[in-house]
Amino acid sequence: VTAFEVFTGALPWERSMSGEETARKRLNASAREAKVMNPDLDDDLARVIMKAIEKERADRYKSANEFKEALLGVKRQDY
């Protein structure tokens with residue numbers, strides 16, 4: 001989620017007035033697409049970020065090290 005916010009300037013889920021409503025949105029709604037929030041974002045980097053915040057645990061990176069390796073595999077660009 002932090003990586004999403006760093007590269008898009010927004011959170012993946014819309015924040016509500018109440019914490020309860022925000023939590024409900026996070027559980028029930030899909031995350032906003034990183035590429036939609038920042039169209040200049042590299043496609044590969046956007047995919048890495050979106051995989052990191054997948055709703056289903058099995059679909060996310062298995063470890064922080066795996067996430068780090070995926071990030072390192074993205075061609076460096078200046079943002």
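Which residue caps the N-terminal end of H4? In this predicted model, the cap is Asp42. One of its side-chain oxygens sits 3.0 Å from the backbone nitrogen of Asp44.

The chain has 79 residues, of which 25% count as buried. Read from the N terminus, the order of elements is α-α-α-α-α. The C-alpha trace spans about 40 × 25 × 15 Å along its principal axes. Among contacts with a separation of 6 or more, 42% come from residues 24 or more positions apart.

Helix H4 covers residues 43-52. Its buried residues are Leu45, Ala46, Val48, Ile49 and Met50. Several elements contribute to their cover. Included are helix H1 (2-8), helix H3 (34-37) and helix H5 (64-72).

The packing of H4 against H5 can be described in more detail. The angle between the two helices is about 165°, and their axes lie 9 Å apart. Angles over 145 degrees count as roughly antiparallel, so H4 and H5 are roughly antiparallel to each other. Their crossing is left-handed. On the H4 side, the contact is made by Leu45, Val48, Lys51 and Ala52. On the H5 side, Glu66, Phe67, Ala70 and Leu71 take part. By class, the residues of this contact comprise six nonpolar, two charged and no polar. Lys and Glu count as charged, so Lys51 of H4 and Glu66 of H5 are the charged pair of residues in the contact. Two of the H4 residues in the contact, Leu45 and Val48, are also among the buried residues of that helix.

Attention now turns to helix H2. This helix spans residues 19-28 and contains Arg26. The relative accessible area of Arg26 is 38%. Buried requires under 20% and exposed over 50%, so Arg26 is classed as partly exposed. Beyond its neighbours within four places in sequence, Arg26 is in contact with Trp13 and Lys55. Pro12 lies 14 residues from Arg26 in sequence. In space, the C-alpha to C-alpha distance between Arg26 and Pro12 is 8.7 Å.

Note on methods: Residues are numbered from 1 along each chain as its sequence is written. This is a predicted model: local features need pLDDT of at least 70, side-chain atom pairs count only at pLDDT 80 or more; totals for chains, interfaces and linings use all residues. Side-chain values use heavy atoms; hydrogens and water are left out. Buried means under 20% relative accessible area, exposed over 50%, partly exposed in between (1.4 Å probe, protein chains only). Helices (H or I, at least four residues) and strands (E, at least two) are DSSP runs, numbered from the N terminus. Contact means heavy atoms within 4.5 Å. A polar contact is a pair of N or O atoms within 3.5 Å; within protein, one must be able to donate a hydrogen and the other to accept it, and residues adjacent in sequence count only if both atoms are side-chain atoms. Axes are lines fitted to C-alpha atoms, for helices over the stretch in contact, and angles run from 0 to 180 degrees between N-to-C directions. Angles under 35 degrees count as roughly parallel, over 145 as roughly antiparallel, 65 to 115 as roughly perpendicular and the rest as oblique. A crossing is left-handed if the near helix is turned anticlockwise from the far one by less than a right angle, and right-handed if clockwise.
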